[in-house]
Amino acid sequence: MSGHSKWATTKRQKAVVDAKRGALFTKIANQIAIAARAGTDPNMNPSLAMMLEKARQANMPKVNIERAIARVSDKNAAALNEETYEGYGPGGVGIIIEVATDNKNRTMPEVRNTLSKNGGRMADPGSVMFQFARKGCIELSDKGEEAMMKVLDAGAEDVEEGDEGLEIITAASDLMKVRQALIDASLTVTNAELRYVPTSTIAVAGDDEAKLEKLLDALDDLDDVTAVHTNAE
């Protein structure tokens with residue numbers, strides 16, 4: 001597994017967003033509402049089950065969760081759509097921005113303006129995406145060789161031990177299967193989600209590094225943005 005950048009970005013996001021719990025709950029609620037389209041029973045809808053687990057880990061109030069699930073049957077609620085935008089940041093870093101929006105005519109200009117105001121720019125569709133692969137990413141609180149062997153037996157593509165536990169890469173289509181196998185093996189899954197993982201990374205330092213952090217924070221602050229991925233080292 002190459003480097004830690006694929007995990008560093010997500011952990012930075014968590015630190016920033018956790019300080020703004022209302023915004024975090026809004027982002028998770030949007031993701032729950034989208035997942036619930038495939039069925040409101042988490043026992044029959046693995047994607048919804050995964051999002052509900054994320055909500056519980058964030059200590060999201062039960063009423064917020066129920067409201068998000070109910071949105072799927074509320075004919076008066078504005079329809080949410082998932083969109084993915086591509087951009088470049090300081091130092092030529094590639095950026096993938098995932099959003100859940102009920103009005104892309106509002107969201108796209110917000111993303112474009114945030115990029116341009118912070119040393120970045122929008123990119124043509126496909127011009128950045130080819131530098132990333134869609135993968136399942138799972139985090140465990142477990143460590144050690146025995147846990148690693150269980151992870152590999154569960155069908156993971158790669159595993160690495162970090163400061164807080166094991167970090168696992170799976171094929172996107174295997175995410176839910178591997179997650180369940182890990183749970184069945186008595187390992188503690190702390191996070192499981194699909195991410196855009198860079199196939200190679202770009203070193204960023206000095207002023208560009210500071211500008212990139214500012215840009216990523218600004219993107220995180222947008223209500224409709226659910227995830228930001230970069231190939232920054």
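Good morning. A residue is called exposed when its relative accessible area is over 50%, and buried when that area is under 20%. With these cut-offs in hand, let us turn to the structure, which is a predicted model.

I begin with Ser186. Its relative accessibility is 61%, and Ser186 therefore counts as exposed. Ser186 belongs to the loop that lies between helix H7, residues 175-184, and strand S7, residues 189-198. The phi angle of Ser186 is near 65°, a positive value in a residue other than glycine.

Asn59 is found between helix H3, residues 46-57, and helix H4. Its phi is near 60°, again a positive value in a residue other than glycine. Is Asn59 buried or exposed? At 60% relative accessibility, Asn59 counts as exposed.

Asp158 is placed in strand S5, which covers residues 158-162. Because its relative accessibility is 26%, Asp158 counts as partly exposed. Along the chain, Asp158 and Ile183 are 25 residues apart, and 17 Å separates their C-alpha atoms.

Strands of a sheet pair through backbone hydrogen bonds, either parallel or antiparallel. Strand S2, residues 94-101, is joined to S8 by 5 bridges. Ile95 stands opposite Thr230 in S8.

Finally, the helices. Two packed helices are described by the angle between their axes and the distance between the axes. For H5 and helix H8, residues 206-220, the angle is about 160° and the axes are 9 Å apart. Angles over 145 degrees count as roughly antiparallel, and H5 and H8 are therefore roughly antiparallel to each other. Their crossing is right-handed. Which residues make this contact? H5 contributes Val111, Thr114 and Leu115, while H8 contributes Leu215, Ala218 and Leu219.

Thank you for your attention.

Terms used: Residues are numbered from 1 along each chain as its sequence is written. This is a predicted model: local features need pLDDT of at least 70, side-chain atom pairs count only at pLDDT 80 or more; totals for chains, interfaces and linings use all residues. Side-chain values use heavy atoms; hydrogens and water are left out. Two strands pair if DSSP finds at least two bridges between them. Helices (H or I, at least four residues) and strands (E, at least two) are DSSP runs, numbered from the N terminus. Axes are lines fitted to C-alpha atoms, for helices over the stretch in contact, and angles run from 0 to 180 degrees between N-to-C directions. Angles under 35 degrees count as roughly parallel, over 145 as roughly antiparallel, 65 to 115 as roughly perpendicular and the rest as oblique. A crossing is left-handed if the near helix is turned anticlockwise from the far one by less than a right angle, and right-handed if clockwise. Contact means heavy atoms within 4.5 Å. Buried means under 20% relative accessible area, exposed over 50%, partly exposed in between (1.4 Å probe, protein chains only).
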